[in-house]
Amino acid sequence: MAGSRMKLELSRVIQGRVRLGVLKGLGRTGQHSLEVPGCLLYTPFGTVPHLTQDTLHTLSKLPRVSQVTLSNIAEHQEVLEEFKDGFRKFAGLHDTVLYCSLHDPAAPCPTGYTTNKTVSVWGSGGRIELTVAKFMALQKSVQPDWYQSMADGETWQSNTSRKRVRKSVDRTLAHLDECLLAHQNSKELEGVEVFGVVEGGDILEERIRSARETAKRPVDGFCLDGLQTGSMDQALRIQLTSAVTKELPEDKPRLLQGVGRPDEVLDCVEAGVDLFESFFPFQVTERGCALSFSFDISPDPERAVLELNEEDTAGDMQQNGDLNLNDQTQMTCFEINLKDKRYQDDFRPLVDGCGCYCCRNHQRAYVHHLLVTNELLAGVLLMIHNTAHYHGFFVALREALANDKLDLLKRRVLRGEQTERKE
């Protein structure tokens with residue numbers, strides 16, 4: 001938008017695609033920033049699941065951008081309009097940048113409910129149909145710092161016809177034009193940034209068309225939609241993502257929706273993606289699991305020798321069936337299942353060397369006990385650890401890019417769980 005404060009400053013671009021930098025000028029006053037590659041804080045109802053604000057802020061190095069979703073907020077529109085001061089104050093959020101997305105990346109979204117003029121979101125009370133007018137009225141009541149435009153994203157399924165994909169791109173561009181017009185005429189949304197949405201299903205030509213046309217509009221960044229885990233093969237996702245990012249301007253951020261698994265994050269960063277949604281730790285927590293993959297790239301001569309000796313096996317993890325490429329509800333090889341009986345007398349921390357509250361104060365056996373007895377504290381401790389571990393991974397990713405160690409980080413991440421499974 002004209003006069004946008006959001007500015008992406010890149011410090012390094014590796015191999016013409018991988019981007020390291022800082023997204024500056026965030027928030028209504030422009031005082032916040034977000035390092036890239038990075039992720040948003042997953043707060044679908046205005047708070048990280050299982051954690052109070054006080055508990056959350058015991059964690060360090062959290063992103064300054066919180067993601068809320070219209071699918072969870074839309075049914076409260078009348079309350080927010082009566083409240084008048086926006087969702088940030090309504091939810092007791094402080095000193096954070098608020099990003100509003102259309103759908104919750106961790107929740108299923110049934111297809112078949114879009115029309116030329118409407119899209120549907122699904123809250124606790126069922127389906128809510130949104131026109132552009134209602135969508136923009138919601139944005140005015142939420143008062144975010146930035147939001148994604150309304151989009152027809154129902155073409156992620158592999159059997160979607162070319163005609164339907166083309167219609168999705170056309171609808172999304174039409175919705176964007178209407179959103180931008182309403183935005184420019186709204187005093188309530190002055191200073192708020194808009195991200196255009198790139199659609200196109202699994203058809204390369206439509207992806208490129210969507211990217212080119214969206215880039216012509218006065219948007220502040222881009223959401224890459226319909227590429228989520230389970231929607232397509234990873235190789236096709238990377239092909240499409242690479243083709244899309246080539247068409248987008250260098251000075252605006254790219255947010256990939258629905259991808260959170262560490263191996264996929266690494267591949268997508270190499271394809272030119274800047275930002276991700278951090279719903280993956282929540283999914284892991286809901287399974288009663290703890291993230292345990294390694295991302296330590298600190299110098300270690302002995303480990304370096306082992307890495308060289310085992311280099312040929314570094315990619316084996318991606319071929320392992322335990323990755324569950326097509327099901328976000330199943331356990332992945334980046335976590336351990338603490339409901340398993342083998343942890344009932346395991347007195348180690350969840351991850352050796354982890355500095356989170358859970359790992360400093362509790363053992364695997366205790367968390368196992370909490371899980372099998374259905375204690376609410378289990379979710380709290382696991383969410384503390386998983387959130388800290390996941391965001392620590394992004395810190396390591398930026399460090400690796402800054403020090404030309406991305407290949408080393410990839411070997412660490414992809415090999416770490418092989419050791420865990422051999423215990």
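This is a predicted model: local features need pLDDT of at least 70, side-chain atom pairs count only at pLDDT 80 or more; totals for chains, interfaces and linings use all residues.
Q: Which residues of helix α5 are buried?
A: Start with the terms. Buried means under 20% relative accessible area, exposed means over 50%, and partly exposed lies in between (1.4 Å probe, protein chains only). Helices (H or I, at least four residues) and strands (E, at least two) are DSSP runs, numbered from the N terminus. Helix α5 covers residues 132–142. Its buried residues are V132, F135, M136, L138, Q139, S141 and V142. Just after α5, Q143 takes a positive phi of about 60 degrees.

Q: What does the side chain of T118 make polar contacts with?
A: A polar contact is a pair of N or O atoms within 3.5 Å. Within protein, one atom must be able to donate a hydrogen and the other to accept it; residues adjacent in sequence count only if both atoms are side-chain atoms. T118 lies in strand β8 (residues 118–123). Another goes to the side chain of E129, at 3.2 Å.

Q: Is T118 buried or exposed, and which residues does it touch?
A: T118 has a relative accessible area of 7%, so it is buried. Contact means heavy atoms within 4.5 Å. Not counting residues up to four places away in sequence, T118 touches E129, L130 and T131.

Q: Which residues form a nonpolar patch on the surface?
A: Patches are made of residues with over 30% relative accessible area and no salt bridge. Like charges are joined within 9 Å, and nonpolar side chains (Val, Leu, Ile, Met, Phe, Trp, Tyr) within 5 Å. Accessible areas come from the Shrake-Rupley method with a 1.4 Å probe; for residues, only the protein chains shown count as cover. Here V79, F83 and F90 form the patch, with about 240 Å² of accessible area together. F90 sits in helix α4 (residues 86–90). Its relative accessibility is 39%, so F90 counts as partly exposed.

Q: How many aromatic pairs does a search of the whole structure find?
A: A pair of aromatic rings is described by the distance of the centres and the angle of the planes. Rings of Phe, Tyr and Trp (its six-membered ring) pair if their centres lie within 6.5 Å. Planes under 30 degrees apart count as stacked, over 60 as edge-to-face and the rest as tilted. The search finds 17 pairs. For F87 and F90, the ring centres are 6.2 Å apart and the planes stand at 40 degrees, so the pair is tilted. Both residues lie in helix α4, three residues apart, about one turn of the helix. F87 counts as buried, at 6% relative accessibility.

Q: Where do F276 and F394 lie?
A: F276 and F394 form a tilted aromatic pair, 5.9 Å centre to centre with 50 degrees between the planes. F276 is in strand β14 (residues 275–276) and F394 in helix α14 (residues 376–402), so the pair ties together parts that are 118 residues apart in sequence. Both F276 and F394 are buried. Ring pairs link F276, F280, F293, F295, F334, Y390, F393 and F394 into a cluster.

Q: How many salt bridges does the structure hold?
A: A salt bridge is a side-chain nitrogen of Lys or Arg within 4 Å of a carboxyl oxygen of Asp or Glu. The structure holds 27. In one of them, the side chains of D404 and R12 meet at 3.0 Å, N to O. D404 lies in the loop between α14 and α15 (406–421) and R12 in strand β1 (residues 7–14), so the pair ties together parts that are 392 residues apart in sequence. D404 is exposed, at 58% relative accessible area. R12 is partly exposed, at 29%.

Q: Are R237 and E264 buried or exposed?
A: R237 forms a salt bridge with E264, with the closest N and O atoms 3.2 Å apart. The pair links distant parts of the chain: R237 is in helix α8 and E264 in helix α9 (residues 262–270), 27 residues apart. R237 is buried, with a relative accessible area of 0%. E264 also counts as buried, at 1% relative accessibility. Elsewhere, salt bridges that share partners join R166, D170, E206 and R209 into one network.

Methods:
Residues are numbered from 1 along each chain as its sequence is written. Side-chain values use heavy atoms; hydrogens and water are left out.
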